[in-house]
Amino acid sequence: MRGPIQVHYTHKMSSTETVRQQPPPPLPARPIRLPRPREFSLPNGLTIIIVEDRRLPLVSYRLAFRTGDADDPAELPGLTDMLTGLLTEGTESRTSRQIADEVARMGAALTAGANSDYATVAASSLRTFSDHVLALMADVTLRPSFPENEVELTKQNTLESLKQQRAQPSFLATEMVSRVMYGAHPYSIVGPTPDSLNATTRNRLVEFHRLKFVPSNAVMFLAGDIDSDHSLKRIEELFGIWEPGSASSNEFPAPPISGSRTAYIVDRPGSAQSNIVIANSGIDRTSPDYFPMLLMHTVLGANASSRLFMNLREEKGYTYGAYSSLDARRTAGTVRASAEVRTPVTGESLKEFFFELNRIRSEPVSEKELEDAKSYLTGVFPIRLETQEGMVDQFVQIKMFGLPADYLETYRDRVQAVTIDEIQDVAARYIKTEEASIVIVGDGRQIATQVEPFATEIEFYNTAGKKKERPASTSGIAAIDISAVTGTWKLEIETPLGQNIPATLSLVNAEGTLSGKVDSEMGNAEIRSATLSGNTFTAIIAFDMYGHKTEAEIAGEISGTEMTGTVSMQGMPLPFTGSREA
């Protein structure tokens, strides 16, 4: 039987196919045609920006206040966030349910929120309902009632949210970076505390609203399928009665100046990853260095083709992604490099981070990197303006940050004007590797020695943000006898809210096997699968918590008559300290 017939042939590539192996050159940038905004003002001081955009039968409203989280009273962090969250939860004439029902019936949206620099009330709807949704927006802005039951519910929900946040390494890293980089500046505060929540009352909310939510402190934005004259008349009817006021501006202290490279380790025993953030002081939003910094950051780590990503992920495989960020706010800012890496490669990752940070300072970026960064920025910019919401967001930032009126029209030209020399200049002035702050959330015992070569000083903190002693390393520590572990230990388990729960740990030696129990307010637990390695005791504990069967992991490090460690429940490590009962 004959075998299969094999045909061999060669194909000569045509000139057309040869050309297709190369990506086509980029098309020339299309001009951005933006609707021209019209600006008005009411006698009470309210500024109004109207943008007619009739592409779709939609209308978007945004009322922005030059008051943000940074303006919270020092003793009440989180007040602006709570206030804005409660605006839609009741007015003098509507309950929370009635507001929600009206919004749903129109298929509209009505929200309020705040960031560090400003607060907004936002609404959008079909053109048909534009007058109605604007009236609803005026009601929640001018006449919120802050019902006591909604205030208490918000406080309880926020307390629960705080517990969950403290279980997230990303939150712990952000919190520590903010503290380190901003010091006494209110940007250092990333959220409320249990004490500030307990001290927040309806009266404080009403008073803060009266002082800060005034027309001279606000700008109203309208965009969409609207008639300017009709809309202006409607705003005068609804907001013209708003009592004028004067919201005082705050003077904030300057962020601290770092004099050395210090590492801040938030100890999270048992973490499989290290969350690394390397930060330097940056610029405010109106800095003349903004566009060179934007290009520098894009080359360094803005996306998946930037230097940090290509090094730490593509070449080394240490992480799923490594990036930089440019955080430019109204009065201060930072430039950061960050990644989540496997615990064993924490030190090697720091080595590569500082290699790239020093390289962006000392070596000019290539022409190709510069052109790629410019193409990226000018390419994504029009996408931000494609929707009404995106366009309104840009107009809000122009007014809230005091950017030039022609910012949107000149954005791409200013990006294209940045030179290689300007990028290297800002990199040298702002990427100060010898003064960088290194924040790492991870297992302090495993990463401390890895971090030492990269920092002149290392400080250790627990997950509640309190300073602690350096965790003892298992290296060089002889194994301890099981009898040194057995007995009764009195523990203090620290919750994410800084409260302590007393517990009793009883360990017994049953023919060379550890067993025992834990008694606490959370329930009584039986110890399973206990092991002793070096001076570290680990076990699974099973207990009945409020009628539910639950398992947790306990890990303790023994030093004489003292024990430190964590109890990990549902991924949340709770640190504890303890001592042997005499």
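Two strands are taken to pair if DSSP finds at least two bridges between them, and in this predicted model strand E12 (residues 457-461) and E13 are joined by two bridges and run antiparallel. Within this pair, Tyr-461 stands opposite Lys-467 of E13.

Both strands belong to an open sheet of seven strands with mixed pairing, in the order E9-E10-E8-E11-E7-E12-E13. Strand E9 (319-328) and strand E13 (467-468) are the edge strands, each of them pairing on one side only. In general, strands of a sheet pair through backbone hydrogen bonds, either parallel or antiparallel.

| Helix | Strands touched | Angle between directions |
|---|---|---|
| H10 | E9 and E10 | about 175 degrees with E9 |
| H17 (residues 444-451) | E7 (262-267), E8, E11 (437-442) and E12 | about 170 degrees with E7 |

Helix H16 (residues 420-430) has Ile-420, Ile-423, Val-426, Ala-427 and Tyr-430 as buried residues. Seen down the axis of H16, these buried residues fall within an arc of 135 degrees, so they line one face of the helix. An α-helix has 3.6 residues a turn, so residues three or four places apart point the same way. The cover over the buried residues of H16 includes strand E8 (273-281) and strand E10 (333-342), together with helix H10 (290-301), helix H12 (346-362) and helix H13 (367-384).

Elsewhere in the chain, Ser-231 is found in helix H9 (residues 228-239). Ser-231 counts as buried because its relative accessibility is 6%, where the cut-off for buried is under 20%. Apart from neighbours within four places in sequence, Ser-231 is in contact with Ile-50, Leu-222 and Ile-226.

Note on methods
Residues numbered from 1 in each chain as written. Predicted model: local features only at pLDDT ≥ 70, side-chain atom pairs only at ≥ 80, totals over all residues. Heavy atoms only, no water. Helix = DSSP H or I, 4+ residues; strand = E, 2+ residues; numbered from the N terminus. Buried < 20%, exposed > 50% of the residue type's maximum accessible area, 1.4 Å probe, protein only. Contact = heavy atoms within 4.5 Å. Arc of directions from axis to C-beta. Axes fitted to C-alpha atoms, helices over the stretch in contact; angles between N-to-C directions.
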